[in-house]
Amino acid sequence: MPQQAPLSSVNDFVVRFANVNGSGSASANELFARAVLRHGVPVSPRNIFPSNIQGLPTWYEVRVTEAGHLGARGGGTDLMVAMNPQTWDKDVAGIVPGGYLFYDSTKPMPSTKFRGDITVIGVPLTAITNSTYTDPRQRQLFKNIIYLGALCALLDMDPKLIEQLIGEQYKGKEKLLSSNVHALHLGRDWALQNLKCPIGLRIRKADKVGDRIFIEGNNAAALGAVYGGATVCAWYPITPSSSLAEAFGNHCKKLRHDPKTGKARYAIVQTEDELASIGVVIGASWNGARAFTTTSGPGISLMTEFIGLSYFAEIPAVIMNVQRAGPSTGMPTRTQQCDVIACAYASHGDTKHVLLFPEDPAEAFEFAATAFDLAERLQTVIFLMLDLDIGMNQRLCRPLKWDDARQYDRGKIMTAEMLDEGRDFGRYLDVDGDGIPYRTYPGTHPTKGSYFTRGTSRDRYARYSEEGAVYADNMQRLIRKFETAQDLVPRPLQANAAKPTRYGVIYFGSTAPAMDEAIELLEARGHLLDRLRIRAFPFHSSVASFLAEHDFVYVVEQNRDAQLRQLIVNENGIDPVRLVPILHYDGTPITARFIADAIGDHQDHLKVTPLRKAVS
Amino acid sequence: MTYIAKPKFHHPGIKTNALGFTHRDYEGKISTLCAGCGHDSITASIIEACFELSIEPHRVAKISGIGCSSKTPDYFLGNSHGFNSVHGRMPSVLTGANLANRELIYLGVSGDGDSASIGFGQFAHAIRRGVNMTYVVENNGVYGLTKGQFSATADRGSKSKKGITNTDNAIDLVGIALQLGATYVARSFSGDKKQLVPIIAGAIQHKGAAFIDVVSPCIAFNNHAGSTKSYDYVREHNDAVNRLDVFTGRDPITVDYAPGTVQIVEQHDGSRLALRKIDADYDPHDRLGAMTFLQKHAAQGQIVTGLLYVDPDSEDLHSHLNTVEQPLNRLEAADLCPGSTALDKINASLR
């Protein structure tokens, strides 16, 4: 094989850890990512894991990126930490030419198992571990810390920063603290004595992290629910959303108990299925509590009947959908943005629902809190559209912010006082022209304001009716309400190219970091694009303006059927030819390289001189 | 018919309860069910029980699923909020409503199709959780609104109006409720208001999951020979184990019961249930005994009715979740939002 110069890069490379699920590697790998952050260098890690608890392969990919590109890079691995014999061949094949292979060299491997165009770094991890530890569990756990120590030497990292992190993690548990630090130095010392350190890939201290935090989207959304005043959470376990409901419980334990009585200011019910979880949410919201459920695609399918009830009977509800690759069970541990249509039009009959598309954990926090205001203001279901890439990966993002002056918007509630003043109460009466009626909470007043909630057609005073005109009147009002929603939901964010351009790109959600980087790559190729990040459905009027201002608009999304594009075409009544779909749907997070290649190729074709011009 | 206004006129000497309400204050809209429907008798019994207990009508939340039985909450307690939800999903909606405000009285109304077929799971799980509610199944053994198909409570071997014999085994919701830990379990007959009214009243007073199976003949589709849910059949096979009197408040019981014929059960709220024994050996505190008794008598074709099981020391879902006394729907931002200082600390822990 031809000799390839070893890769040389400072603060810009991809390390991939190949491990066995359940081997305790996750915490060591996370420690590595955090250690890089402590050097002031941004990282973007991703868990690539199977639907399994123990035994199957799992990977942790860390993109070290001083430039702050937080999307997945793609294009292979620069340094492979190959700790899983099961996936060895695939892992070795995935290293870029000139890259590095780090492995446990305790047992000799045949030369055919290596490649000539990479640098092989063998550390006898098992031998070092076994000569130091006797307990099998300790052997397994400390082996992970030992390879972290070796990497510290190889990548020229400051061991003090890792020690500091270990100190924070095991504060008050001196024995664990010192044994972890010991293991770290075992690995580091061995590498320094036996290997050429550092290698071509290095971590150098920088100042590019700032005050940003490192958090999973599910955790941030759960905090958003706490701050947004949610008191009832009903959920059914489903990957990748379970950690959201569990995080809500953990935060509530710390933040939501009455300091005097110790009693809970929240109720969490793990229900028997998603039908029940959305039922509990609707019952609680009907009765004036802020309630939500967490789920993923299959759960949405089960909830659709209740979603129609929420729309038609006008009962607030918040559904946090952490999307995964469908249809059916699909790829339950892989990411996609594939429930856009399913959620936008969920349920039988004519329905339309509000969707929120956060780009990262910080926005997941904000939108989660906002979802409760919107649900009560609009008296309907609000979907928080997360996905596995945001939800289950730690992402570097701006700190979470809360304005203490912020009030909850409880929507239009008619109180006993208002009823006593003689205010006319019609549950479905549009008194303000915005399509939003008043509601009363059950038990408000002894003789006024009660009504019968139903999924059947009724008049403006909630009286059962199958009159066509009465039904149509109500359906028209619901459309007016949806129009009102356009101006209440988060607006799209537009960023224009340095010079005017006829081309634009629309994207949303977890595509954002890859898109930002792709814009730079495209600019380098001479393609200028204005971009619009959609943050909610219904679409604000600025979406239609953006479409009108550009000849071609690329719509970048992570599903097969161009679902956002369908929604834009459908809702704006525009010529679909002008919307070019850029689709990524293999279950891995979309990359800047993919976007730049797809858009770049399309742009190159557009620059071919049209035939009739050439002739004339 | 719901669109026909009910006249407000009533007799000047009409009886009032402790709060000064009359029966009329507990009524709802005019029923749209068939004349002679057992469900209308249950409606009347609910009205009577609420009147007797002097409940403020607006402090009740009525929640139902879909079907003939689920329509009935519109026909009683017109000043209460009602929720005619989704087929088979009353239990989850009621659970959520109860979590939001523990101070209201929750009355769940369902049918045999709603609870034993499409909503069997939700029925089971609401009972398991001990939601504080009165769960009434108006059990007629058929799907009335879709014109007489068998439901899952129809007995094996019973005949439909069209003459078809049911070959599937029946689900006995009382048996299931007992097994899943309901803390107040009763069965009654819509044609026996004297038995039913106190059973409903006792259930409303009960803290925890109270389940009442009311056999309620469908006059249109299940009241023929060969049915085991017809008026005639139920009257002939009704095997009542006890009769119940409910006493609220702390006043002494003034009724003069013959010694050894009555068992007094005091519930959480101080209300007392006086169980007049019919079957001298029946013990309503013995869950296992009740289950055996029911199975034996069912095998003999008997329909056992009465207050079959009660646990006076019951707990409910709120006790399990340790929720605050104040209803969750009345907590405000100051109670719920930890504020920016707490968030800054969280941010700091994430760097």
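In the predicted model, helix H3 of chain A, spanning residues 125-132, has Leu125(A), Ile128(A) and Thr129(A) as its buried residues. Viewed along the axis of H3(A), these buried residues lie within an arc of 95°, and they therefore line one face of the helix.

Strand S4 of chain A, residues 57-65, is mostly covered, with 8 of its 9 residues buried. S4(A) pairs with strand S2 (residues 12-20) of chain A in the antiparallel sense over 9 bridges; within this pairing, Phe13(A) has Val64(A) as its bridge partner in S4(A). Strand S3 (residues 43-48) of chain A also pairs with S4(A) in the antiparallel sense, over 6 bridges. Here Ser44(A) stands opposite Arg63(A) of S4(A).

The contact between the chains involves 57 residues from chain A and 48 residues from chain B. On the side of chain A that touches chain B, at least two residues each are supplied by strands S9 (213-216), S10 (232-235), S11 (267-270) and S17 (452-454), and by helices H7 (217-227), H9 (274-286) and H10 (297-313). The largest share of this side, 9 residues, comes from H9(A). By residue class, the side of chain A that touches chain B comprises 33 nonpolar, 15 polar and 9 charged residues.

Strand pairing also links the two chains: S17(A) pairs with strand S2 (residues 81-84) of chain B in the parallel sense over 3 bridges. The bridge partner of Thr453(A) in S2(B) is Phe83(B).

Technical notes:
Residues numbered from 1 in each chain as written. Chains lettered and ligands numbered in written order. Predicted model: local features only at pLDDT ≥ 70, side-chain atom pairs only at ≥ 80, totals over all residues. Buried ≥ 20, exposed ≤ 12 C-beta atoms within 10 Å, placed from the backbone. Helix = DSSP H or I, 4+ residues; strand = E, 2+ residues; numbered from the N terminus. Arc of directions from axis to C-beta. Pairing = 2+ DSSP bridges. Contact = placed C-beta atoms within 7 Å. Nonpolar A, V, L, I, M, F, W, Y, C, P; charged D, E, K, R; others polar.
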